[in-house]
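Have the coordinates open while you read.

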Amino acid sequence: MAGFDRDNYAQLADLGLCGLLVAQDHGGLGMGPVEAMLVMQALGAGLVLEPLTHTFITSSVLARFAPSDLQARWLPGVASGETLAVLAWQERSSRYRPEKCEAKAAPSQQIYALTATKNIVQAGDQADAFIVPALLDGALALFWVESAASGVQTRGYLTQNGSRAADVTLNQTQATLITRDGLAALELAIDVGLAAACAQGVGLMDKTLRLTADYLNTRKQFGVAIGTFQALRHRMADMKMQLELARSMSYYATLKLGAPAAERRVALARAKVQLGQSMRFVGQQSVQLHGGIGVTDEYIGSHYFKHLTQLELSFGDTLHHLGEVSNRMGETAGVFA
Amino acid sequence: MNFDLTDEQVQLQDAVQRWVDKSYTFDHYRATVKHGGL
């Protein structure tokens with residue numbers, strides 16, 4: 001299917017990556033956020049379209065919030081790559097706010113019936129299961145929904161960077177409860193996604209810089225490589241600084257993933273603000289330094305630009321997270337406390 | 001603060017980078033965007 005290849009995903013599983021964050025008891029490698037960051041950097045640099053980010057989200061959320069019998073039922077399939085489960089959280093009117101949710105769940109004995117419309121679900125028409133937030137008795141809860149269940153409808157499409165997403169509609173669809181502590185679980189899911197996006201962004205920017213430097217050293221004007229022009233070298237230096245600021249914040253995001261929720265949330269928002277600014281700057285400067293070739297589909301650099309642009313909007317854009325940082329500002333910066 | 005990677009982490013990083021270089025080429029990527037693989 002355009003924008004997604006199950007065979008590529010199976011190869012990620014063969015490398016052990018689908019089980020990277022899954023405990024060894026469930027067939028995974030039992031590794032942590034630093035390893036996930038290294039993997040996402042490399043996948044970002046390689047423009048990999050298959051949404052391993054969501055596998056990391058699924059592994060983290062199930063391990064922390066699902067009852068142990070459900071972990072034993074689902075995690076081995078996630079780790080082996082047999083089950084691709086993606087987070088289906090965004091709704092048209094919710095913007096990026098996790099607490100805003102119109103999806104509803106009605107209990108019926110052991111199982112629940114979900115009615116929901118979720119937008120821009122990564123690989124939504126290719127996934128085997130969804131992790132879906134919905135209101136249960138007025139409070140946010142998190143559910144596991146199999147894509148083969150009755151009442152599931154998907155409408156797939158390509159997104160700007162060439163990856164695949166779908167709008168997913170659930171109509172009285174049978175679902176299993178992961179946790180009634182839905183907001184906390186969804187916030188963790190988003191933060192794991194943010195950390196992955198930050199790492200991916202670093203990989204993308206790193207490669208963008210190298211591509212741009214190669215171009216400046218190859219392209220000639222007035223008989224010399226344009227990389228000899230000081231004005232262009234200054235732009236490269238500015239891009240490099242943005243990359244390094246972002247890299248530091250990606251490390252920060254990764255290292256804060258295990259912190260208490262309040263501390264973790266603000267740290268991840270800070271990281272995404274820096275990453276958003278850096279990705280925009282590096283992507284756009286790269287296009288300017290290349291000229292027309294920078295937006296040509298046949299040239300690899302244009303795809304880095306598209307990935308960077310889309311990533312800025314993923315899991316909350318820069319302005320959303322600037323608002324988060326602002327809302328969570330305390331009496332002190334917390335440096336000396 | 002220590003940002004050095006362990007040997008295991010370096011191996012993981014190398015393995016993923018090798019896979020990207022070998023199997024996820026630009027041609028393969030473009031084919032995936034168009035119709036889901038070569």
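A:Ala123 sits in the loop that links strand 3 (111–122) and strand 4 (129–136) of chain A. Keep in mind that this is a predicted model. The phi of A:Ala123 is positive, about 50 degrees, even though the residue is not a glycine. A:Leu47 also has a positive phi without being a glycine, near 55 degrees. You'll find A:Leu47 in the loop between helix 2 (33–45) and helix 3 (52–65) of chain A.

Now for the helix pair. In chain A, the axes of helix 6 (residues 230–256) and helix 7 (residues 261–290) come within 8 Å and cross at roughly 160 degrees. Angles over 145 degrees count as roughly antiparallel, so that's what helix 6 and helix 7 of chain A are to each other. Their crossing is left-handed. Sorted by class, the contact between helix 6 and helix 7 of chain A has 15 nonpolar, five polar and six charged residues.

Last, the chain contact. It takes 23 residues from chain A and 19 from chain B. On the chain B side, helix 1 (7–23) and helix 2 (26–35) are the elements that give two or more residues. Helix 1 of chain B supplies the largest share, nine residues. By class, that side of chain B has ten nonpolar residues, eight polar and one charged.

Technical notes: Residues numbered from 1 in each chain as written. Chains lettered and ligands numbered in written order. Predicted model: local features only at pLDDT ≥ 70, side-chain atom pairs only at ≥ 80, totals over all residues. Contact = placed C-beta atoms within 7 Å. Helix = DSSP H or I, 4+ residues; strand = E, 2+ residues; numbered from the N terminus. Nonpolar A, V, L, I, M, F, W, Y, C, P; charged D, E, K, R; others polar. Axes fitted to C-alpha atoms, helices over the stretch in contact; angles between N-to-C directions. Parallel < 35°, antiparallel > 145°, perpendicular 65-115°, else oblique. Left-handed = near helix turned anticlockwise from the far one by under 90°.
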